[in-house]
Amino acid sequence: MHGRPRRLAKPVDEEAASAKAAKLRDLQVQVLQNHHSRTYTKEAIGLSFKLLEINPEAYTAWNYRKLAFQHNVKELSDPEAIRSAVDDELRVVEVALRQNPKSYGAWYHRKWLLNQKLTPVDSEREFGLLDKLLKVDARNFHGWNYRRFLARFMGVPDEEELKYTMDKIGDNFSNYSAWHNRSILLSNLLIQQSKGFESKQKVFSEEFELVTQALFTDPSDQSGWFYHLWLLAQTSTPDKPQLIASWPCNGAKLSSSFIKEKVDQNTLSSIWCHSLKERTVPIVLYFNEPVKGLNQSSVKLKSYLEFGKDIHWRALSMTDSGYSNCWATYLQIANECSSSQQYSVEVSILCSEDIVSRSGSNYDSPVHFTFTIELISDSQDIDLFDKPVAWSCSESLQSYGNCEPIPFDLLTITSALIEEESNWHFERLSEQIDLFRELPDDNSKFVKLTLARLLLACAAMKSCGRSLIERKRYCDEALGHLSDLIHLDPSHKQYYEDERSSVLMDKLTCDMETFMKHCSVQVQPNSVPLNHVQLRGLSLTCVGFAERLMWVQVLDLSHNSVRSVEGLEALQQLVSLNISNNQISSFTALEPLTKIMFLKVLDLSFNEIGAHPIDTTRYICSSPFSHKIEACEAFEQCQKKNFNVEEYWDALLFFKSLKLKQLDIEGNAIASKENFRTLVMELIPSLKWFDGECVN
Amino acid sequence: MAEEAELAADQHVRYIVTVEKKKDSFESLVMEHIRLNGAYWGLTTLDLLHKLHAVEAAEVVDWIMSCYHPESGGFGGNVGHDPHVLYTLSAVQVLCLFDRLDVLDVEKVADYVAGLQNEDGSFSGDIWGEVDTRFSYIALCTLSLLHRLHKIDVQKAVDFVVSCKNLDGGFGAMPGGESHAGQIFCCVGALAITGSLHHIDRDRLGWWLCERQCKDGGLNGRPEKLADVCYSWWVLSSLIMIDRVHWIDKKNLTKFILNCQDKENGGISDRPDNAVDIYHTYFGVAGLSLMEYPGVKPMDPAYALPLDVVNRIFLRK
């Protein structure tokens, strides 16, 4: 099927071709006949050999041979006769592999034979066959798979196989299969803490040396670069789970009301928390890697306030068997309390066996923070949505001098504990950066890309106080490389744009000085003070570092190139979101927004919803196709109302989970579809403003 | 001035309809045992080009059932060939195209597939015990289309697939197996169908996959290999399922696929100017479908069937 030329070099000899075809047809018919009639004579078996010699892909013939073998071998008692019978089968495999070294049927037949364990394995013959085949094609993955099977079967220690990979790499640095096998063996040896492989640091230092040698010898070879990326990931992943952000943060003061005079005089000292009106307090915890096991005993709450019985922690990010970076709970205030009283709440996460990271470490970085809640019993009932919320277009936002949004430093609960391990990581990374800076990078995208990744890994280690200046410097250098890469490797432009977007978010939000320019407290007339962040027109493709935005109540991401809102689920305080004029291409892509409990205003106008028949988030969201939702349950109501479920299933799932007051959706292909507007208004009974018009 | 390449849809339809009849050449005989796969490739392509009606549905369904083994519940690759999950999935998929799942003894077929799950969650291809993540995908896809996933231990099936995840973010045929675009499609598809895509590091895998795009615009299956039209499906569908397809250059890939056409006789080959076959014709058209090429029906990247077929199966009451 592969690699045959379209026009043959010489004219076909019709007669010979016919004869060849007839011979094959007869063989196939006869072998099938013998198979169905369970004829296992020497002659019959011989025919199957002839067939497999010509066509090793005739899988039924391999099945037939297994049956014939089983039938005949059970009559034998002499070990020599048995060995000879096995030998015959092994030879058939070898002949078949000569015809097609990638025949699944041939390789499996051999594996099956060895697994019968009828006769001792001729180690030399087996490894000899592999050596021969891997010399002809060092990338034959069937061969490598068989080699891994054989090594395990024969009890060959991983260290020995490691030497074999070194030999193959020594022959030719460009041997992805050998590098891959090396990564597997090393991982096993490290996990088992085999002799000589107890120290991760020692092993990875040596591997860095090895791969750097390969890369300097031949920078154009890809396999080294992929291996290097693996090593980099090993040295940059967090050693243990840590809390990196929370909402409310330490020292925050939440209030369900506000005093107008204080707003006017710039002396606001608390955050207006809308959920307090419903006596609900969300707490959001953000970790440096996905964890699970948050419950009433692993996260302790101390307060004079009584919260409802079952405190249930919910994973907000896409869960991975229950692991998530971001967790939230919604405390229900149960007791009666006097008006204008402040209550403190202390949240403590102690060392815990319950909380465990995806990489298997238990939580052992005790942390605690305290915030206060001010309950006001007189209900200042302000209809926030008396008029549609307008998005301010002006550059200079109304900013309240003294009253700043929560200082960013407080968002980071734990200061990065500089441990020995981290120092080693940082040293390794700096070494690599110096080395790669020396390589000429004008034509090699891999040099630039690797440098950018190394710089970003270093940036990630600079997380507080004065080291933030260094962080921004690393980001800037990485951004430079990413811009170059867009020109050097235009077919991967979008990949570099996504990286660039993430680095830009980091640079922008990592310290308050830069970030301040995008933040303000906004008050609309007759409204409440809301924390506002403006990120319009920055060519962002995605939202990164959401853990720094958990206090944001109004977010303007309009006029960017955003195609994904993953991360926004952490913004539990978000009331209004503007993602108009972006590249959102489906409702499924907006699923993270359905986790934001109090989202009321959403501007989706001028995106690409409904313009794409292929939905790239179809399997990332929860749907009946991935068995995350029962179709009958979810759509029962909709089918009763005669909504076209096959056409609008994604819109149905999205809108019914939101309690929006205001929605803008014009400028999307879907908005002009028949009945769509009726659908939306049916699904969102709370909707008051739709594309600027009042809904009645 | 270079001519803008176009999809020669009519020629491809004619090619598919005629090649189906040619059974006696050596090339056809050598593939005789996978005729049922060929039926899936050819018929799905016809449906993608809005020409499924070019064949007689009843005839096709009858022939499919002649490959059925009532004792085991599985399908063979052709009449008289042993049952195997590879052909069982193709049979179920073709019956889905024609909305004729009613001809099946669904419980029997589902039991055949479910019975091949092993202790560690993996699946064997048939009674002889070969294990491969291809079979995990096939089992999950078949059982899902038949609404019988509950017959297996889904969590264990997922765990096995995840155990085949490699350090470059990709997946191999078995634990420790090298990453390969075909296996990656199977594993990503298996995780998609079971709502388990969060096990994947989408950025890392996405980058490995987008690096499959070669200078000629085509996609290869793993590093340092030549581009081949069939990877337009394996790589592209994987990228779509993990929402990273914007990382490749669609225009150049489209050009590559269109250059692999035999515009006179119909059919698409693995590389420009090579011999065409049904397999590459299907993957070329399927790749164009995933890139929203005009005139081609959109496909579901996980179930490898037209979108309207999959929506019908899961959303209709």
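Predicted model: local features only at pLDDT ≥ 70, side-chain atom pairs only at ≥ 80, totals over all residues.

Reader: Start with chain A as a whole. What is in it?

Author: Chain A has 21 helices and 19 strands. Its C-alpha trace spans about 100 × 65 × 55 Å along the principal axes. Of its 696 residues, 54% count as buried. Contacts with a separation of 6 or more were also examined in chain A: 67% of them join residues 24 or more positions apart.

Reader: How do you know that the length of helix α9 of chain A agrees with its number of residues?

Author: Helix α9 of chain A covers residues 176–192, which is 17 residues. At 1.5 Å a residue it should span 24 Å. Its end C-alpha atoms are 24 Å apart, so the two values agree.

Reader: What makes α9(A) mostly covered?

Author: The count does: 14 of its 17 residues are buried. Just after α9(A) comes A:Gln193, with a positive phi of about 55°.

Reader: Why is helix α14 of chain B called mostly covered?

Author: Helix α14 of chain B runs over residues 307–315, and eight of its nine residues are buried. Among the buried residues are B:Leu307, B:Arg312 and B:Phe314.

Reader: Why are α3(A) and α5(A) called roughly parallel?

Author: Helix α3 of chain A holds residues 59–73, and helix α5 of chain A holds residues 104–116. Their axes cross at roughly 20°. Angles under 35 degrees count as roughly parallel. Therefore α3(A) and α5(A) are roughly parallel to each other. The axes come within 10 Å, and the crossing is right-handed.

Reader: Which residues meet between α3(A) and α5(A)?

Author: On the α3(A) side, they include A:Trp62, A:Arg65 and A:Phe69. On the α5(A) side, they include A:Tyr108, A:His109 and A:Trp112.

Reader: Why is A:Lys117 called exposed?

Author: Its relative accessibility is 62%. Exposed means over 50%, so A:Lys117 counts as exposed.

Reader: And B:His50: why is it called partly exposed?

Author: Its relative accessible area is 45%. Buried means under 20%, exposed means over 50%, and partly exposed is in between. So B:His50 is partly exposed. B:His50 sits in the loop between α3 (35–48) and α4 (57–65) of chain B. Its phi is also positive, near 60°.

Reader: Why is A:Ser623 called buried?

Author: A:Ser623 has 0% relative accessibility. The cut-off for buried is under 20%, so A:Ser623 counts as buried. A:Ser623 lies in the loop between β16 (601–603) and α19 (631–640) of chain A. Leaving aside neighbours within four places in sequence, its contacts are A:Arg618, A:Lys628, A:Ile629 and A:Trp649.

Reader: Which peptide bond is cis, and where is its proline?

Author: The bond from A:Trp247 to A:Pro248 is cis, with omega near -5°. A:Pro248 is in the loop between β1 (243–247) and β2 (253–255) of chain A.

Technical notes:
Residues numbered from 1 in each chain as written. Chains lettered and ligands numbered in written order. Heavy atoms only, no water. Helix = DSSP H or I, 4+ residues; strand = E, 2+ residues; numbered from the N terminus. Expected span 1.5 Å × (residues − 1). Buried < 20%, exposed > 50% of the residue type's maximum accessible area, 1.4 Å probe, protein only. Axes fitted to C-alpha atoms, helices over the stretch in contact; angles between N-to-C directions. Parallel < 35°, antiparallel > 145°, perpendicular 65-115°, else oblique. Left-handed = near helix turned anticlockwise from the far one by under 90°. Contact = heavy atoms within 4.5 Å.
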